[in-house]
Amino acid sequence: MPLPLDPTRLRANFPAFSEPSLQGQAFFQNAGGSYMARQVIDRLAHFYTRTKVQPGDDYPASEEGQAAMDDAHVRMAAALNVTPDWIHFGPSTSANTYVLGHAFAGWLKPGDAIVVTDQDHEANTGNWRRLARHGIEVREWRIDRDTARLSLDALDAILDERVKLIAFPHASNIVAEINDVAAVTERARNIGAVTAVDGVSYAPHGLPDLKALGADIYLYSGYKVYGPHQGIMAVRPELAMQLPNQGHTVNEGRIRKILTPAGPDHAQIAASAGIIDYLEAVAEIAGGTGDPYRRAHAAMRAQEQALLAPLMDYLRGRNTVRIIGPTDPATRAPTVALHLSEPGAVVAKRLAKHGIMAAGGSFYSYRLVEDLGIDPHNHGVLRLSFVHYTTPEEVTCLIAALDAEL
Ligand SMILES: Cc1ncc(COP(=O)(O)O)c(C=O)c1O
């Protein structure tokens with residue numbers, strides 16, 4: 001199988017791959033959280049040992065710590081092709097959307113409408129649905145039950161000038177189809193609405209160019225993109241400044257403070273620059289010239305598609321297995337959810353005996369699982385999720401284990 005990225009060189013960036021206790025264990029639960037890159041671990045250790053003081057004061061350790069946090073904002077923004085005032089670090093994506101929900105409650109007016117989906121993880125839907133308590137109309141953009149797809153026709157049928165927000169996923173953590181974000185953001189702009197895109201399940205496969213996507217809010221989780229346990233949200237600065245301040249009153253108007261009342265861990269903010277170091281390392285392995293982040297993104301996607309093809313070929317040949325979402329690797333992330341005759345978690349437990357780390361359940365997307373006709377609480381799906389650092393040999397082991405257990 002021709003691979004654009006050399007797995008050995010990629011994996012040299014992850015201490016987990018040389019950890020003795022993890023040998024012989026193939027990791028297929030990356031959608032739950034990826035391994036952490038060495039560059040991130042090094043920056044965390046550096047911050048905790050050298051600059052673990054209050055940042056923003058006038059002594060060297062404090063100045064260095066503050067500079068490391070500022071650098072993380074600048075570099076994260078560059079990778080997303082936006083300016084640093086877009087970037088907000090919070091404790092998790094769920095906490096970030098919770099705060100955004102409160103901010104929008106003070107911004108939208110009774111009679112305004114919003115669009116939510118049943119394809120989303122609860123983090124990007126429950127928070128918005130609660131706006132109904134404030135007199136906001138909540139409209140449902142629902143999946144096609146056969147394909148699990150969110151169609152643009154179904155969206156068009158519920159859009160009008162009263163819609164002020166469309167919240168939807170870049171890719172669901174179960175369906176994994178890559179939704180056409182640019183097509184949705186264009187529709188939103190045409191009616192004067194803003195968009196909140198859950199990129200948590202997409203970002204591990206390459207940070208996107210936010211200018212090209214046109215999203216007003218883009219959310220993802222550091223711990224799934226090789227970094228620390230944080231939620232990162234990019235918010236169009238003009239929108240952020242219009243939203244009511246969610247931070248301390250004294251911080252009114254300070255863009256970095258108004259949407260992150262939890263005051264997230266300084267060391268983890270600084271260490272997030274290690275995610276960008278890692279993406280630059282991927283670009284170097286990929287070779288070529290031009291923007292390293294777009295090169296890393298393209299190479300990661302190409303790698304994943306090559307790795308996913310044999311797994312999809314195998315699964316398509318098993319007629320007792322229902323694959324959720326599309327089977328063409330080019331249109332999806334390598335997060336493969338299967339509806340089986342047995343509960344997903346039961347099969348995942350058996351796979352563990354074969355050295356496969358995977359999981360079953362509904363992964364906080366219980367509305368989706370229910371709408372797919374699967375009991376989200378007692379049955380769920382088996383989810384096999386990988387990223388670009390997975391090897392062809394691991395995929396082969398997975399197929400052998402599935403063959404033994406399905
Ligand atoms: C698609 C998706 N959105 C949002 C979240 C929530 O992210 P966090 O754990 O950072 O709150 C998850 C977590 O699994 C997810 O998979």
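Is Ala148 buried or exposed, and what is its relative accessible area? Ala148 turns out to be buried, at a relative accessible area of 1%, where buried means under 20%, exposed over 50% and partly exposed in between, using a 1.4 Å probe and protein chains only. The residue sits in the loop between β4 (137–141) and α6 (152–156); helices (H or I, at least four residues) and strands (E, at least two) are DSSP runs, numbered from the N terminus.

A word on the ground rules. The model is predicted, so local features need pLDDT of at least 70 and side-chain atom pairs count only at pLDDT 80 or more, while totals for chains, interfaces and linings use all residues. Residues are numbered from 1 along each chain as its sequence is written, and side-chain values use heavy atoms, with hydrogens and water left out.

Now for the ligand. Its surroundings are made up of Ser92, Thr93, Ser94, His121, Ala123, Asn173, Asp198, Val200, Ser201, Ser221, Tyr223 and Lys224, a residue being near a molecule if one of its heavy atoms lies within 4 Å of it. In Tyr223, a polar side-chain atom lies 2.4 Å from an oxygen atom of the ligand. In Asp198, a side-chain N or O atom is 2.5 Å from a nitrogen atom of the ligand. In Asn173, a polar side-chain atom is 3.4 Å from a ligand oxygen. Taken alone, the ligand exposes 390 Å², and the protein buries 89% of that; these areas come from the Shrake-Rupley method with a 1.4 Å probe, and for residues only the protein chains shown count as cover.

The space taken by the ligand is the second largest pocket. Here a pocket is, on a 1 Å grid over the protein atoms alone, an open set of points where a 1.4 Å probe fits, with protein on both sides within 12 Å along at least five of seven lines. A molecule sits in it if more than half of its atoms lie within 2 Å of its grid points.

Tyr364 lies in the loop between β12 (359–361) and α14 (366–371). That residue counts as exposed, at 62% relative accessibility, and phi of Tyr364 is near 60°, a positive value in a residue other than glycine.

Ser221, in strand β7, is buried at a relative accessible area of 3%, and a polar contact of 2.7 Å joins its side chain to that of Thr93. In α4, Thr93 is buried, as are Asn96, Thr97, Val99, Leu100, Gly101, Ala103 and Phe104. An α-helix has 3.6 residues a turn, so residues three or four places apart point the same way. Ser92 caps the N-terminal end of α4, with a side-chain oxygen 3.4 Å from the backbone nitrogen of Ser94. The geometry of α4 (residues 93–105) checks out too: at 1.5 Å a residue its 13 residues should span 18 Å, and the end C-alpha atoms are 18 Å apart, which agrees. The expected span is 1.5 Å times one less than the number of residues.

Gly222 is in the loop between β7 (217–221) and β8 (231–235) and is buried, with a relative accessible area of 0%. Gly222 and Gly33 are 189 residues apart in sequence, yet their C-alpha atoms are 8.8 Å apart in space. Elsewhere, Ala400 in helix α15 (residues 392–405) is partly exposed at 47% relative accessibility. Its C-alpha atom and that of His354, 46 residues apart along the chain, are separated by 8.8 Å.

Terms used: A polar contact is a pair of N or O atoms within 3.5 Å; within protein, one must be able to donate a hydrogen and the other to accept it, and residues adjacent in sequence count only if both atoms are side-chain atoms. On a 1 Å grid over the protein atoms alone, a cavity is a set of points where a 1.4 Å probe fits but cannot get out, and a pocket is an open set with protein on both sides within 12 Å along at least five of seven lines; lining residues have an atom within 4 Å of a point.
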